[in-house]
Amino acid sequence: MLQLSQELSGQWTVPILISLEKCRGRFTPIQHHLQISPGRLSDNLKRMTESGLLRHLSPYERRHPALPEYVLTEKGRLFREAALMLQAAELELGYGRLSAKAWNMPVLLALHYKHEHFQDIRQALQQVTPSMLSARLGNLHELGAVDKQLIAQPRPSFLYHLQQPAKRPIHRLADNLDSIV
């Protein structure tokens with residue numbers, strides 16, 4: 001489940017998954033709907049296709065052969081459902097689009113699963129770099145989503161916890177993601 005939230009991290013992944021069906025999988029309507037540059041959209045669609053979330057339709061499968069068109073794969077439909085859950089959690093949290101920055105939501109979920117020390121969080125997330133994790137924990141602390149507590153013994157270190165207002169939305173998100181995985 002932490003892996004799923006990691007794959008959904010990034011500025012455009014969640015918005016593309018959510019808007020794809022509304023825009024009927026067409027490149028230009030997605031671009032206009034999201035107000036994204038063509039190059040950025042193209043790069044994201046290519047990455048999402050390579051990761052198995054989307055399928056780029058051949059000219060013979062499209063409604064108009066000259067217009068690029070994409071459809072969700074089975075994995076993509078699962079991820080779209082997860083993206084909708086993530087969006088609902090972000091709305092309930094009230095901190096804006098946290099999933100727009102890589103690692104925000106995975107860090108919050110790791111804290112939900114009681115990974116409280118920096119190294120525990122890092123190990124749970126596996127691919128996060130120490131500097132990225134430090135930056136995300138700092139940002140989430142500044143937003144008021146994460147509490148940072150200094151522990152003096154046996155050697156000085158910090159413990160990280162979800163702030164009270166973040167606990168219920170993150171708990172609900174974790175339960176929802178567990179139900180689809």
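This passage describes the overall architecture of a predicted model and the packing of helix α7 against helix α8.

The chain comprises 181 residues, of which 43% count as buried. Nine helices and four strands are assigned, and from the N terminus on these elements follow the order α-α-α-α-β-β-α-α-α-α-β-β-α. Taken along the principal axes, the C-alpha atoms fill a box of roughly 65 × 30 × 25 Å. Of the contacts between residues at least 6 apart in sequence, 58% join residues at least 24 apart.

Confidence in the prediction was examined next. The mean pLDDT of the chain is 91, with 96% of the residues reaching 70 or more. Among the elements, the lowest mean pLDDT, 69, belongs to helix α1 (residues 2-8), whereas α8 has the highest, 96. Where pLDDT is low, predicted coordinates should not be read in detail.

The packing of α7 and α8 was then considered. Two packed helices are described by the angle between their axes and the distance between the axes. Helix α7 spans residues 118-125 and helix α8 residues 130-143; their axes come within 11 Å and cross at roughly 115°. Angles of 65 to 115 degrees count as roughly perpendicular, and α7 and α8 are therefore roughly perpendicular to each other. The crossing of α7 past α8 is right-handed. On the α7 side, the contact is made by F118, I121 and R122, and on the α8 side by P130, L133, S134 and L137. By class, these residues divide into five nonpolar, one polar and one charged.

Conventions. Residues are numbered from 1 along each chain as its sequence is written. This is a predicted model: local features need pLDDT of at least 70, side-chain atom pairs count only at pLDDT 80 or more; totals for chains, interfaces and linings use all residues. Side-chain values use heavy atoms; hydrogens and water are left out. Axes are lines fitted to C-alpha atoms, for helices over the stretch in contact, and angles run from 0 to 180 degrees between N-to-C directions. Helices (H or I, at least four residues) and strands (E, at least two) are DSSP runs, numbered from the N terminus. Angles under 35 degrees count as roughly parallel, over 145 as roughly antiparallel, 65 to 115 as roughly perpendicular and the rest as oblique. A crossing is left-handed if the near helix is turned anticlockwise from the far one by less than a right angle, and right-handed if clockwise. Contact means heavy atoms within 4.5 Å. Ala, Val, Leu, Ile, Met, Phe, Trp, Tyr, Cys and Pro count as nonpolar, Asp, Glu, Lys and Arg as charged, and the others, Gly among them, as polar. pLDDT is the predictor's confidence in each residue, from 0 to 100. Buried means under 20% relative accessible area, exposed over 50%, partly exposed in between (1.4 Å probe, protein chains only).
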